[in-house]
Amino acid sequence: MRQEAIEAMTPYMSGIYANPSGSHRFSRIARKAIDEARDDVAEVLGCKVGEVVFTSGGTEGDNAAIFGAVRHSSGVAVCSAAEHHAVLHCVENLKGKIVGVDATGVIDVAELERVLQEAQASNNPTDRVSVVSVMAVNNEVGSISPLRQVAKVVRANAPGAVLHTDAVQATCWQDLREISKLVDVLSVSAHKFGGPKGMGITMQRLGLEIDPLIVGGGQERERRSGTHNVAGIMATAAALRATDSSRDAEVARVTKLRDALVDGVMSEIEDVIETVPRDKRVAGIAHMCIGDCESESVLYLLDEAMICASAASACASGAMEPSHVLSAMGVDKKYSMGALRMSLGHTTSESDIDRAISALVGVVRQLRRNKVKA
Amino acid sequence: MKVLVAMSGGVDSSVAAAELIDQGHEVVGVTMRLWGGESDTGCCSVSDVDDARRVAQQLRIDHLVFNFSDDFDAHVVNPYVEAHRTGTTPNPCIECNRHLKFDRLSQRARLLGFDAVATGHHARIERQPSGVWRVIRGADAAKDQSYVVHMLDQKELAYTLFPVGHLTKAQVRERASELGLRTATKPDSQDVCFISKTGGRETFLGHRIPFRAARVVDESGTELGSVDAVEMVTIGQRRGLRLAGGAPKQFVLDVDVEARTVVVGAETSLQRSELRAERMVWSHEPLPLGSEVMVQTSAHGATQPALIEEVSSDTVLLQWREPQRRTAPGQSVVLYDASDRAVLAGGIVC
């Protein structure tokens, strides 16, 4: 966690522990704190204060937007094939429509347009599209979605649909003000920008009618019930402020580090592909596919060398699942089996990059050498 | 040594890991994720992975999960279905050992720089004075699993450890209790891990292959009845044939899937003087003609003596000392030495 976030949350875990929905003096102190945090969040998100909803994370935000929209208007949910499972599994659960992606992992806008037009032409109201969910930045490969085009197509062809974006991976690298103005609902997760795990923020347009996922005490203007996690909200707002104020400098710094990492690896070992071109993805994700090497082996040996990386998402058992994103992008199995995602952030330094290059080069050489022996 | 121990979440592999630690090895535990579908019985459920991980935590060793589900489908599940479709009786646990534990996993372990792979099988590995490695029956005769690990060749034998093979099952459980392992009283797995108890084999296969009805005839060809799914019938089977009761009891003598015919008859008609096997794996090298061997045709069946009548690197024809009940094609046959102690070879009955 960012130090600012830890410091912001600490007072609310001991001294100021009151429930902000209460009426006594201590509650009023807690309420003031989250009101101010909400002001800060609204500023960074480029939205009205009343549009900020505190949640338990990106998964809740995604579920709430998709299930909430479909429950409200009983239509169809649509998303891209490369969405995070927090979106994809909602749409699959609702038997919605999945739109293909191109070789960089971003939604095929022409196919989206066709899907929306077909739905619009139907005489059956339940065929109408209730919600379109397209991620701002892909969580595995880092590609940036053409949200402006997506928004244009959705507004023109499905005027009644809610446009949602999972912006979990965008917060550190893109100005959320530019994204939020294109969509009706935007969800982010605090732990992706140095905030606490188990916290998230959703921007939900005022006047937008979707059903709440969690009902109860009516907190967050009836949009998300449950006693406020005051400490979590304070830490989230502090981390978001810090991320936003340092973003431009960080993007420039981390882009250089990421390029040095990928260049360093690719100059030392053969048969490595950079999964998505650099100009089409965010700074913090270095995604490579290593030919004829298995991700599980690479990750194990990297871990031994004290380098923590990932490949795709893990299932409930902890096993790595083959990447649905690479499969949707049409990446050859020879390369997708060797997928490797290294994430960079505000704590990543130049010496980290040197160590990662040297470890990864060593690991891949060892695996290829042992494979020849075996 | 640096040892990778396959931990299924059961008591045997839990104690195997503990034994290796006691012996001073550097141990890492791994659970293979094999079956991606529904299961309530076997090695692949999330709760079994939890058990393996929690035991590893108690033993203070690292625990990994490797996803080999594609290989499991290709080498175990799909051939299992195909065998039933073509009327043979497969043993998927043996194919899992052959292709997953002692091939895919051991290859992975070699790549990662491990010196050996270990499992919780009740069998022992010995190096004979000649330098030849052999699988030896486990110390607990009732739990001996040498039959299901018969396919280990010299290269794999030299790379494999069975740390609980010298213990009885009772001793394994006692050891697990002493260590306070959560798997100490966990029941043994009995069934095929990818087939659920609720649906059974019939539901599993029914979702994957079309069942075909077949005539049930006696040895003279007289029709006695019918079955709905010839793919579910196995040689030696007596129940589930929907035949009229009374003596003599009728056993399945033969299954012809193409002709959709099941031949039934008296148990004595199942007796055979020979057994032919293919896909032989010799743990060292093929035995000479005329060698006497002890032969086991099921996981816990009694062994019987036989002579090698024909032999090649891939096939063998055995002449039983005394006629034996026919073994269904697709089952594994394992040859032991004359003392019935060491595995010499194994193959598939044809």
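The model is predicted: local features need pLDDT of at least 70, side-chain atom pairs count only at pLDDT 80 or more, and totals for chains, interfaces and linings use all residues. Residues are numbered from 1 along each chain as its sequence is written, while chains are lettered from A and ligands numbered from 1 in the order in which they are written.

**Chain A**

Select chain A. Look for twelve helices and ten strands. Both are DSSP runs, numbered from the N terminus: helices are H or I with at least four residues, strands are E with at least two. The radius of gyration of chain A is 22 Å, close to the 21 Å of the globule rule for 374 residues, so chain A is as compact as a globular protein of that length. That radius is taken over C-alpha atoms, and the rule is 2.2 Å times the number of residues to the power 0.38. Along the principal axes, the C-alpha atoms fill a box of roughly 70 × 60 × 35 Å. Of the 374 residues, 51% are buried (20 or more other C-beta atoms within 10 Å of the residue's own; exposed is 12 or fewer, partly exposed in between; C-beta atoms are placed from the backbone).

**Two helices in chain A**

Now select residues 109-121 and 147-157 of chain A. These are α5 and α6, whose axes come within 9 Å and cross at roughly 15°. Axes are lines fitted to C-alpha atoms over the stretch in contact, with angles from 0 to 180 degrees between N-to-C directions. That makes α5(A) roughly parallel to α6(A) (angles under 35 degrees). Among the residues that meet are Val109(A) and Leu112(A) in α5(A), and Val150(A) and Val153(A) in α6(A). Contact here means C-beta atoms, placed from the backbone, within 7 Å.

**Where A meets B**

Show both chains. The contact takes twelve residues from chain B and 14 residues from chain A. On the chain B side, color α2 (46-59), β3 (62-67) and α4 (92-111), the elements that give two or more residues.

Stay on α4(B). Here 15 of the 20 residues are buried, so α4(B) is largely enclosed by the rest of the structure. Gly113(B) follows α4(B); its phi is positive, near 90°.

Finally, select Asp337(B). Asp337(B) is partly exposed, with 16 other C-beta atoms within 10 Å. Leaving aside residues up to four places away in sequence, Asp337(B) touches Ala342(B) and Leu344(B).

How values were computed. Angles under 35 degrees count as roughly parallel, over 145 as roughly antiparallel, 65 to 115 as roughly perpendicular and the rest as oblique. Two residues are in contact if their C-beta atoms, placed from the backbone, lie within 7 Å.
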